[in-house]
Each structure stands twice: as structure tokens, then as C-alpha cells.
Amino acid sequence: MPIRARRTRLLWRSLLTAALAALMATLMTPGAAQGAAGPRTPDESKPMYAYENAIRESVWVDTRLDGDADGRTDRVAVDIVRPRELDRTGRRIPVIMDASPYYACCGRGNESQKKTYDAQGNPVRFPLYYDNHFVPRGYGYVAVDLAGTNRSDGCVDVGGRSDVRSAKAVVDWLNGRARGYTSRTGQERAKASWSNGRTGMIGKSYDGTVAQGVAATGVKGLKTIVPIGAISSWYDYYFQQGAPLYDSGPEWLSDAVESPEARARCGAVRQRLIDGAPRSGDFTRLWSERDHVPDADKVRASVFVVHGMQDLNVRAKHFGQWWDALAENGVDRKIWLSQAGHVDPFDFRRADWVRTLHRWFDHELLGYDNGVDREPMADIERAPDRWTTDRVWPPRATETVTLRPAEGDAPGVGTLGTRRAKGTETFTDDPKLSETDWAERIDTPTPAKAGFVTRPLARDLRLSGSSTVTVTATPTTRTAHLSAVLVDLGPATIRDYAAPGEGITTLAERDCWGPSTTGDSSCYRQTRARTAAVEHTIFSRGWADLGTWADPHRGRPLTPGRPHTITVDLAASDHVVPKGHRLALIVAGTDKNLIEPPADTPALTIDLARTHAKVPLAGGASTFRTSASVIPRDTRLDGVAPPRPLTPVPGGSPS
């Protein structure tokens with residue numbers, strides 16, 4: 001072939017390639033014209049870009065804080081993977097971001113994956129599947145090391161200003177409002193000229209908590225967050241109404257996740273965590289800084305909440321109070337509630353989850369009109385792998401109904417109904433017993449609990465939302481803790497949330513969720529539901545230090561022999577007590593492995609006339625009907641194993 005003809009052919013090939021690339025970019029852009037039908041948006045982003053050739057780079061973003069007091073502002077490490085093809089065309093893209101303290105210490109996901117780097121320090125493995133699935137579809141993926149962790153400066157302050165500013169600074173950088181650098185200490189600037197600023201944050205546990213904290217700042221450019229098993233108030237992670245949930249505070253967690261360099265230089269920050277979080281359970285300024293619920297009115301982003309209703313690490317109270325605050329402020333939102341414990345939806349409903357998350361990000365970040373915003377707001381797991389949906393959550397017909405305890409035929413074995421009753425019940429705190437022990441002997445007089453049970457139900461009874469229990473109790477000592485639990489008494493097969501895996505079993509087989517590279521596989525071990533056949537199900541629980549009866553933010557010594565009235569918040573839930581089952585309320589002292597015992601061993605006498613539960617019933621009071629069936633006596637109702645001792649590490653395990 002003549003040289004001139006060859007050059008002409010190469011020129012046309014180059015022009016054709018460029019034209020096709022421009023066309024593909026146009027088709028990926030919301031609002032692209034498609035045929036005679038006129039402008040419309042695509043339904044779904046497709047894998048059009050080569051993951052193996054993606055740009056992988058690291059940037060250090062200035063937080064404008066000096067947490068470690070070394071005289072220079074802290075920079076946080078930002079590891080980035082994004083399509084190379086779009087970098088060449090100059091088209092700007094949205095970003096999915098997971099900001100975490102766990103990338104080096106503990107790992108992410110069911111397989112505890114950590115970041116890895118090549119010999120030059122360039123990122124190789126990004127934990128989880130987000131990069132493998134979304135980068136080929138035209139997204140950038142960003143994994144941020146929170147201050148004081150992995151390759152970042154600063155100190156870990158466990159949910160405080162530094163944590164939130166670490167991630168917020170990256171959102172600002174993606175929107176051109178913050179400074180980034182190509183190295184941790186150098187002065188060469190790095191700009192996110194490839195980003196269109198539209199950011200979605202996602203993460204489980206600590207990571208999701210940070211996402212909620214950033215959203216509560218109202219930062220511009222953050223379009224959506226997907227918090228999974230996230231903390232809404234760090235006080236409620238360590239305490240509930242003055243009752244300590246662990247025997248340690250946030251300083252233990254900071255030590256577990258900090259890099260070795262940060263651990264050596266951040267002693268002053270750790271001491272502030274100790275001083276600001278007294279084991280008395282008082283609500284201090286440290287806790288108010290770490291409470292995102294009051295700032296829900298600042299949230300601009302949409303919120304897709306995922307939580308396990310049997311999560312005993314980040315208890316279900318966290319999603320309940322956050323959800324209610326979002327609803328009060330009209331925030332666009334969606335929710336999935338599972339029967340599992342502290343488990344990612346990738347590991348309990350994998351295919352449906354990836355499909356739904358994909359559509360959610362396409363809608364929120366790419367602007368695709370795919371209808372995900374018009375679908376039911378809530379997905380609820382009713383039994384292992386059996387899900388139902390609700391147009392809104394809680395259902396609009398839900399009403400708060402007052403249920404009242406009354407004396408029964410034997411001490412500590414009372415009834416539960418709608419009529420006010422007289423009388424008292426007395427129990428003695430026994431720290432060796434748990435909620436499971438109480439529920440197993442609900443129909444038997446035992447000295448450590450007071451139980452109140454309905455007759456068998458004449459119809460299904462759905463409790464949807466958050467309950468409270470108001471108790472008037474007279475203690476014999478100057479300190480006392482209270483527990484209150486709601487129990488479904490009847491046979492069922494449920495996820496075994498108290499077993500290792502918290503409701504899932506991890507299998508040897510793998511499935512893949514996008515392309516892989518040598519150093520970053522998209523293939524993960526499959527799971528299946530781990531189930532248990534039970535005769536009772538505890539579905540909502542709450543705790544309090546009776547010493548906070550007068551002030552929920554500050555405990556005080558009790559007066560023995562004097563009645564004290566307190567309202568205990570119970571965790572949000574959505575549970576159907578089937579027809580023929582019974583609903584029970586149990587009031588007791590220390591719930592073993594879930595709260596710490598008080599200094600004393602009190603006996604408490606409950607005034608039944610001044611004690612009641614307020615529960616959210618779908619359909620209201622008219623749905624609460626019982627039958628006259630015979631109630632069994634002196635039986636042991638098997639359930640899951642008692643709660644295991646928990647380490648105060650939300651979503652990770654210390655290395």
C-alpha cells in the first residue's frame with residue numbers, strides 16, 4: 001500500500017475512533033438525545049471502560065486542621081481509581097467514596113480486605129467491590145484514610161471533628177474548594193479536574209457513621225449517602241441513658257485503629273477522649289460534638305439506610321432516631337432492614353443489593369430517570385431471605401398504642417393489655433443472666449425479672465418503629481440499671497444473629513462483581529442464611545441507668561425506698577407477631593454482655609399503675625386483639641444463644 005494511502009487510512013481510523021469515543025461519552029451523559037423520540041436519559045450505566053487500564057493514583061488533601069499539633073496542617077491520603085478513557089476525553093465524572101479508619105488495621109468486608117500498594121506506593125487493591133463494579137461504568141472511586149490512620153496525618157478522634165473534616169475535605173477537594181497534593185509532604189498541587197463534584201458516600205459501621213457526619217454538615221456536592229449499620233450518636237454507641245454498654249471508652253478504639261506513627265504522637269488527643277467520656281455515663285460536650293441527629297436539618301443529600309434489626313454492635317436505636325430526624329426534615333430517603341446482626345447487605349442479599357445500589361447511584365449521581373425513587377421506600381426481611389416492601393416507612397396507618405402490665409397468677413408472671421392495673425412486681429438484679437435467660441422462663445416465676453404477657457393474639461400484630469417503656473421503680477440501693485425488652489412468644493425460624501457470622505454462613509464458593517486485576521479481585525466468597533428454629537424472638541430492647549430519671553444527660557445517686565420514674569427508649573424495629581403467638585414485655589436489671597452492671601445489687605419494685613409501654617402498631621389499637629386460649633405454664637421457650645461479649649470496634653476487629 002502506498003505511504004500516502006496508508007497515512008490517509010490511519011488518519012480516518014483515528015478520526016473514527018475519536019468520534020466513537022465522543023458518541024459513547026454523549027450516550028453516557030444524562031439527557032442525551034436518542035433517535036426521533038427526542039431527549040431521554042439512559043436506564044442504566046453500562047460497563048464501557050477498561051478496569052485493568054484505569055488510572056490509579058494517590059492524593060493527599062489538606063484538612064486545615066492540626067490534630068497532632070506538629071505545626072502543620074494534616075493531610076489525609078486519598079486513593080483513587082477512575083476510567084482512563086474518560087480522562088482522555090476530558091469528560092468529568094461523579095465519585096463514590098468510602099472514608100474509613102480500617103484500611104490498614106482491620107480490613108473491610110466479610111473477608112477483612114486491606115489496601116495494598118506497589119513498590120512505588122501506588123494503590124493496587126481497593127477493598128470491596130465498589131471499584132470493580134462502578135469504575136467500568138463511568139464512576140470514579142475514592143477510598144479515604146481518615147486522619148491518624150494508614151497513610152494520613154493527624155489523630156483519630158473517634159467520630160469527632162477530625163474524622164468528619166477528614167472526609168468533608170475530600171468532598172470539598174472534589175468540588176474545587178480544598179487543596180490536594182501529590183505527596184504527603186511535598187508542595188506539588190493535585191487538582192480533581194476529572195471530577196464533576198457529584199459525590200456519593202457509602203460505608204458500613206464506622207465508615208457509614210462518617211458519611212452521616214459529613215452529610216450533617218450540609219456540604220455542597222455530597223448528593224447521597226448509603227450508611228450501613230451506622231452510628232448516629234457516638235454517646236449511644238458507648239452508653240444508653242447513662243448505662244454503659246462497654247467497659248471501655250473511645251480511647252480504646254482510637255488506639256486500635258491508629259497508625260503506629262499516630263499512636264506515638266497522639267497521646268494528648270487520647271487523653272481528651274478519656275477526660276471527655278467519663279464512665280459515669282454523663283452526656284458531655286465530647287458527646288454532643290459526635291451526635292449527628294440534631295443536625296439532620298442540615299442534610300442536603302439523599303439517604304439510603306441499611307441496618308440489621310438484630311445488630312447488637314451498632315444497636316438498632318441508631319437507625320431509628322436518625323431516620324425519624326430525616327423524616328421530620330423532609331430528606332429523601334430509602335431503607336432496608338434485615339433480620340441479621342452487624343452484616344453488610346452484600347453478604348445477606350447480594351444480587352438484589354448490587355442491582356439496587358447500582359440503580360440508586362445511577363439516579364442520584366448520574367441523574368438517570370430509572371424509577372428507583374418511585375419504588376417502595378422500605379424493604380423489610382420477615383423471615384430468612386423472605387422480604388416485603390412498604391410504600392413509606394413506618395406505614396402511614398401506624399399509631400402509638402399504650403400497653404399496660406398487670407399482676408398475674410404468680411409473682412413475676414403478669415399480663416399485658418390496654419387496661420390500667422394496680423399492684424407491684426419485684427425483681428433483683430442478677431448480672432449473670434441475659435435477656436435470653438429471662439425470655440426462656442417468661443411463664444415461670446424467677447427472681448431476676450418481671451414479665452408481662454398477652455393472651456395469644458387473634459390476628460397478626462405488626463410493630464413498626466420505635467417503642468418506649470416508662471417504669472416507676474423503687475430501688476433498695478443508690479445505683480440501679482434497667483433493661484426492657486419486647487418478645488414474640490411463639491415458634492419461628494429466624495436468622496441466628498447471636499452465632500458467629502450474625503445470621504450468615506460464609507461458603508467456599510465465590511462469585512464475581514466486575515472485572516479483576518492481578519492485585520484486585522472482584523470475586524468474593526458466597527454466603528447463605530444461618531438460621532435457628534426458636535420458640536421466642538426478642539425483637540426490641542433498651543437500657544437505662546435509673547439514676548438518669550430526672551436528667552437524661554446526668555446521673556445522680558438514687559434514694560433507696562423512694563419511687564423513681566424513667567422512660568427507656570427501645571430500639572427501632574419492624575416485627576410481625578403472628579396470630580396465635582403472644583407478645584411479652586420484660587423489665588429486669590443488667591442484661592448480661594449488653595450493658596455493664598451497676599455498683600450495687602439492687603432489688604426493684606415496679607409500680608404497675610405507673611408503668612406502661614408505648615408501641616407503634618400498624619393499624620392502631622383496633623389491631624390489638626387477643627383470644628381466650630390457654631396460656632402454657634412452667635415451660636422453657638428456646639431462643640438463640642445468649643449475647644456474646646462484644647469488643648467496642650464498630651465494623652472491624654483490632655489486628
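The charged end of K115 lies over the ring of Y103, at 4.4 Å from the ring centre, and R350 likewise sits over the face of F346, 4.0 Å from its centre. A charge counts as over a ring if NZ of Lys or CZ of Arg is within 6 Å of the ring centre and within 35 degrees of the ring normal.

This is a predicted model, in which local features need pLDDT of at least 70 and side-chain atom pairs pLDDT 80 or more, while totals for chains, interfaces and linings use all residues. Residues are numbered from 1 along each chain, and side-chain values use heavy atoms, without hydrogens and water.

The structure holds 29 aromatic pairs. Rings of Phe, Tyr and Trp (its six-membered ring) pair if their centres lie within 6.5 Å; planes under 30 degrees apart are stacked, over 60 edge-to-face and the rest tilted. Two edge-to-face pairs are tabulated below.

| Pair | Centre to centre | Angle between planes |
|---|---|---|
| F239 and W287 | 6.1 Å | 75° |
| F304 and W336 | 6.2 Å | 80° |

F239 belongs to strand β11 and W287 to helix α10, 48 residues apart. Helices (H or I, at least four residues) and strands (E, at least two) are DSSP runs, numbered from the N terminus. Both F239 and W287 are buried, as are F304 and W336; buried means under 20% relative accessible area, exposed over 50% and partly exposed in between (1.4 Å probe, protein chains only).

P278, in the loop between α9 and α10, is partly exposed because its relative accessibility is 25%. Leaving aside residues up to four places away in sequence, P278 touches F239 and T284, contact being heavy atoms within 4.5 Å.
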